[in-house]
Amino acid sequence: MNTRILLYVIIIVILTVVTLSLIIVLYNSSVVNVGIKVGDYAPNAQFTLDNGTTVDLSDFLHHGHYVLLYFAATWCSSCAYGVLTLSHYAQLLAARNVTVIILEPYNDLGYSGTPVGIFVKYFAGNNSSCS
């Protein structure tokens with residue numbers, strides 16, 4: 001067998017063993033268990049409102065109440081339809097003790113868009129179709 005081919009085979013076997021070992025270590029480590037499960041309380045987080053005040057997520061959590069965080073980029077048409085849909089179901093959500101918080105990703109994900117307050121007021125207050 002050619003020495004070069006044998007060297008490549010050995011390298012491939014070593015890389016395969018290292019990769020599989022890493023997968024096994026990661027699978028058995030706590031990395032897999034990071035996150036929350038259905039029924040867990042969300043970790044507290046702070047948000048700055050459109051008017052500049054800062055609130056904690058825990059301010060919205062009350063016994064028997066739920067919080068829906070909806071992240072919407074203000075240049076995103078799918079996000080606009082999401083806000084429109086949430087507005088359409090606002091009474092149903094409120095009746096089921098769901099508080100909806102619409103959040104703009106930091107710096108609108110690097111794209112320019114309408115200020116989040118104007119975006120939400122327009123789409124949440126308009127139940128007609130969007131263009």
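Me: Before anything else, what does "buried" mean here?
Reply: A residue counts as buried when its relative accessible area is under 20%. Over 50% it is called exposed, and in between it is partly exposed.

Me: OK, how much of the protein chain counts as buried?
Reply: The chain has 131 residues, and 19% of them count as buried. Keep in mind that this is a predicted model.

Me: How many helices and strands are there?
Reply: The protein chain has four helices and four strands. Along the sequence they come in the pattern α-β-β-β-α-α-β-α.

Me: Which one gives the most?
Reply: Strand S4 does, with six residues in the lining of the largest pocket.

Me: What kinds of residues line it?
Reply: The lining of the largest pocket has 16 nonpolar residues, five polar ones and two charged ones.

Me: Now threonine 74. Where does it lie?
Reply: Threonine 74 sits in the loop between strand S3 (66-71) and helix H2.

Me: Is threonine 74 buried or exposed, and why?
Reply: Threonine 74 is buried, because its relative accessible area is 7% and the cut-off for buried is under 20%.

Me: What is threonine 74 in contact with, leaving aside neighbours within four places in sequence?
Reply: Threonine 74 is in contact with Glu104, Asp108, Gly113, Thr114, Pro115, Val116 and Phe119. With threonine 114 there is also a specific atom to name: the side chain of threonine 74 reaches the backbone oxygen of threonine 114 at 2.8 Å.

Me: What about asparagine 51, where is its place?
Reply: Asparagine 51 is found in the loop between strand S1 and strand S2 (54-56).

Me: Buried or exposed, that asparagine 51?
Reply: Asparagine 51 is exposed, because its relative accessible area is 61% and exposed means over 50%.

Me: What separates the C-alpha atoms of asparagine 51 and glycine 117?
Reply: Those C-alpha atoms are separated by 8.7 Å, while asparagine 51 and glycine 117 are 66 residues apart along the chain.

Methods:
Residues numbered from 1 in each chain as written. Predicted model: local features only at pLDDT ≥ 70, side-chain atom pairs only at ≥ 80, totals over all residues. Heavy atoms only, no water. Helix = DSSP H or I, 4+ residues; strand = E, 2+ residues; numbered from the N terminus. Buried < 20%, exposed > 50% of the residue type's maximum accessible area, 1.4 Å probe, protein only. Nonpolar A, V, L, I, M, F, W, Y, C, P; charged D, E, K, R; others polar. Polar contact = N/O pair within 3.5 Å; in protein donor to acceptor, adjacent residues only side chain to side chain. Contact = heavy atoms within 4.5 Å.
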